[in-house]
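Here are my notes on this one, point by point. Have the model open while you read.

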Amino acid sequence: MTSLGDLFSNRWLWAAVLAMLLAQVIKVLLILLVTRRWEPARMLETGGMPSSHTAFVVALSSGVGLTQGWGSPLFAVCAVFSLIVMYDATGVRRSSGLQARLINELVEELRVVVREHFAPAPLRVLMGHTYLEVAVGVLLGVLAGLIAFRWLT
């Protein structure tokens, strides 16, 4: 049985978590820079620039590749997992977010026309990512892996 100390000293885990947190902080700062609005609640939302999920899994993959070898089975598992996350972020999640937004707009138009007890709850719009948002997440993840496993060792 492993100890709690093992969990807290797991550099692979913490490199990934810190990459994700950094991506979320950058997201809030970019919103502040572009819109001049402070929206810290956006740290808890999905979507936007950069992709924190991508930064998370790529930091883990980078750390494993740097320490276990790029040809190791463990790196292969991490790389496949990372590719699935990135594909999902730009494909399924993005499409479902766009569809939810469109359905909400259609419901609003119907509400104006019908006007009688037509008040379905709006769908929650959780956007996926553009290719650029995922690419920046990849860069953040690689950077986090390099910092944790090359520059701080």
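Predicted model: local features only at pLDDT ≥ 70, side-chain atom pairs only at ≥ 80, totals over all residues.

1. Arginine 37 is partly exposed, at a relative accessible area of 48% (buried is under 20%, exposed over 50% and partly exposed in between, with a 1.4 Å probe and protein chains only). Its partner in a salt bridge is glutamate 39, with the closest N and O atoms 2.8 Å apart; the term stands for a side-chain nitrogen of Lys or Arg within 4 Å of a carboxyl oxygen of Asp or Glu. Glutamate 39 also forms a salt bridge with arginine 42, where the closest N and O atoms are 3.7 Å apart. Arginine 42 is partly exposed too, with a relative accessible area of 27%.

2. Residues are numbered from 1 along each chain as its sequence is written, and side-chain values use heavy atoms, with hydrogens and water left out.

3. On confidence, the chain has a mean pLDDT of 87, and 92% of its residues reach 70 or more (pLDDT is the predictor's confidence in each residue, from 0 to 100). Helices here are DSSP runs of H or I with at least four residues, strands are runs of E with at least two, and both are numbered from the N terminus.

4. How many aromatic pairs are there? The count comes to three, taking rings of Phe, Tyr and Trp (its six-membered ring) with centres within 6.5 Å; planes under 30 degrees apart are stacked, over 60 edge-to-face and the rest tilted. One of them joins phenylalanine 8 and tryptophan 14, stacked at 6.2 Å centre to centre with 10° between the planes. Phenylalanine 8 is exposed, at 53% relative accessibility, whereas tryptophan 14 is partly exposed, at 31%. Another is edge-to-face: tryptophan 70 with phenylalanine 75, 5.0 Å centre to centre and 80° between the planes. Phenylalanine 75 is buried, at 17% relative accessibility.

5. Tryptophan 14 lies in helix α2. From tryptophan 14 to valine 112 there are 98 residues in sequence and 50 Å in space, C-alpha to C-alpha.

6. The largest nonpolar core has seven residues: Ala16, Ala19, Ala23, Ala55, Ala59, Leu140 and Ala144. By nonpolar core I mean buried Ala, Val, Leu, Ile, Met, Phe, Trp, Tyr and Cys residues joined through side-chain atoms within 4.5 Å. Helices α2 (11-35), α3 and α6 each give two or more residues to this core, and α2 gives the most, with three.

7. Finally, look at histidine 129, in the loop between α5 and α6 (131-151). Buried or exposed? Histidine 129 is buried, with a relative accessible area of 1%.
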